[in-house]
Amino acid sequence: MEITGTAALVTGAASGLGAATAAALAARGATVYGLDLPASIKAATPPAGVVLLPADVTEDAPVREALARIDDDGAELRTVVSCAGIAPSARILSRKGPHDLDLFHTVLKVNLLGTFNVMRLAAEAIARHQPDADGQRGVVINTASIAAFEAQIGQIAYAASKAGVSGMTITAARDLAQFGIRVVTIAPGTVDTPMMAGFSDEVRAGLGAGVPFPPRLARPEEYARLVTMIIEHDYLNGETIRMDGALRMTAR
């Protein structure tokens with residue numbers, strides 16, 4: 001599928017994976033609409049070709065409003081990339097007692113429900129456009145994590161949410177096939193994003209050294225490059241792609 005001259009919707013676009021993806025798509029000639037929380041947008045400086053819109057991905061109305069804005073601008077939405085997510089850490093049982101139920105609910109709501117909410121509404125918008133010569137209308141790219149497969153201690157909520165994102169992939173691809181919409185999920189390993197900002201340089205270096213090759217943290221730009229490859233590779237569908245340098249997470 002072509003990127004140039006189309007519109008793309010990217011969530012979590014004010015920083016990290018989302019910001020890198022929005023910039024990469026804009027550089028390839030797409031008009032990019034990025035969703036993020038108002039506070040995150042306030043601190044961001046988007047590049048040319050990227051419009052940031054305030055929206056909570058877990059809510060119906062703000063996402064619909066963003067899609068309506070794309071429509072009003074006369075742009076054809078063809079690509080959706082969901083990067084919005086949170087990763088708090090807590091064990092099922094610790095000295096403080098059992099895992100906080102509200103925290104577990106919040107992680108699932110943002111990471112899993114938010115991803116589904118954007119996918120369902122964006123798919124409706126994409127389906128209204130004319131297909132290309134191969135019958136394709138667009139592509140949805142979701143973000144899981146290698147924690148979906150071998151999460152570490154304290155990642156129970158995060159692991160459950162990302163396993164859910166990965167688990168939706170084949171069913172979503174089958175559901176949306178009749179509309180010419182592909183669905184692919186990326187499962188990154190350890191990426192140098194703002195989520196890592198709280199770690200010391202020593203800890204970050206240690207995390208990178210644990211990757212078989214290349215022995216470093218992944219860069220957001222590498223995630224963005226994979227996104228553009230998926231968009232242009234029409235036969236990639238219903239798959240979760242690990243981007244982890246052959247890393248398999250240990251318990252700690």
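P214 sits in the loop that connects α7 (201-209) with α8 (220-232), where helices (H or I, at least four residues) and strands (E, at least two) are DSSP runs numbered from the N terminus. The peptide bond leading from F213 into P214 is cis, and its omega is near -5 degrees. Most peptide bonds are trans, and most residues other than glycine have a negative phi. A246, although not a glycine, has a positive phi of about 70 degrees. A246 belongs to the segment after β9 (240-243) and is partly exposed, at a relative accessible area of 47%. Here buried means under 20% relative accessible area, exposed over 50%, and partly exposed in between, with a 1.4 Å probe and protein chains only.

The model is predicted: local features need pLDDT of at least 70 and side-chain atom pairs count only at pLDDT 80 or more, while totals for chains, interfaces and linings use all residues. Residues are numbered from 1 along each chain as its sequence is written, and side-chain values use heavy atoms, with hydrogens and water left out.

The protein chain as a whole contains eight helices and nine strands. Its radius of gyration is 18 Å, which agrees with the value near 18 Å for a compact globule of 252 residues; the radius is taken over C-alpha atoms, and the globule rule is 2.2 Å times the number of residues to the power 0.38. The C-alpha trace spans about 55 × 40 × 35 Å along its principal axes. Of the 252 residues, 50% are buried. Contact means heavy atoms within 4.5 Å, and among contacts between residues at least 6 apart in sequence, 72% join residues at least 24 apart.

The accessible surface of the chain comes to about 12200 Å², and carbon and sulfur atoms account for 56% of it. These areas come from the Shrake-Rupley method with a 1.4 Å probe; for residues, only the protein chains shown count as cover.

Several of the strands can be followed through their pairings, where two strands pair if DSSP finds at least two bridges between them. Strand β1 (residues 7-11) runs parallel to β2, with five bridges between them. T11 is placed opposite L35 in β2. Five of the six residues of β2 (residues 31-36) are buried, so the strand is largely enclosed by the rest of the structure.

Strand β7 (residues 138-143) has six of its six residues buried, so β7 too is largely enclosed by the rest of the structure. In a regular strand the side chains alternate between the two faces of the sheet. In β7, G138, V140 and N142 point one way, while V139, I141 and T143 point the other way, and all are buried. β7 pairs in the parallel sense with strand β4 (residues 77-82) over three bridges, and T79 has V139 as its bridge partner in β7. With strand β8 (residues 181-188), β7 also forms a parallel pairing, over six bridges. There V140 has V183 as its bridge partner in β8.

Helix α1 (residues 16-27) includes A19, which is partly exposed with a relative accessible area of 24%. Leaving aside residues up to four places away in sequence, A19 touches G12, A13 and A14. V118 is 99 residues from A19 along the chain, and their C-alpha atoms are separated by 17 Å.
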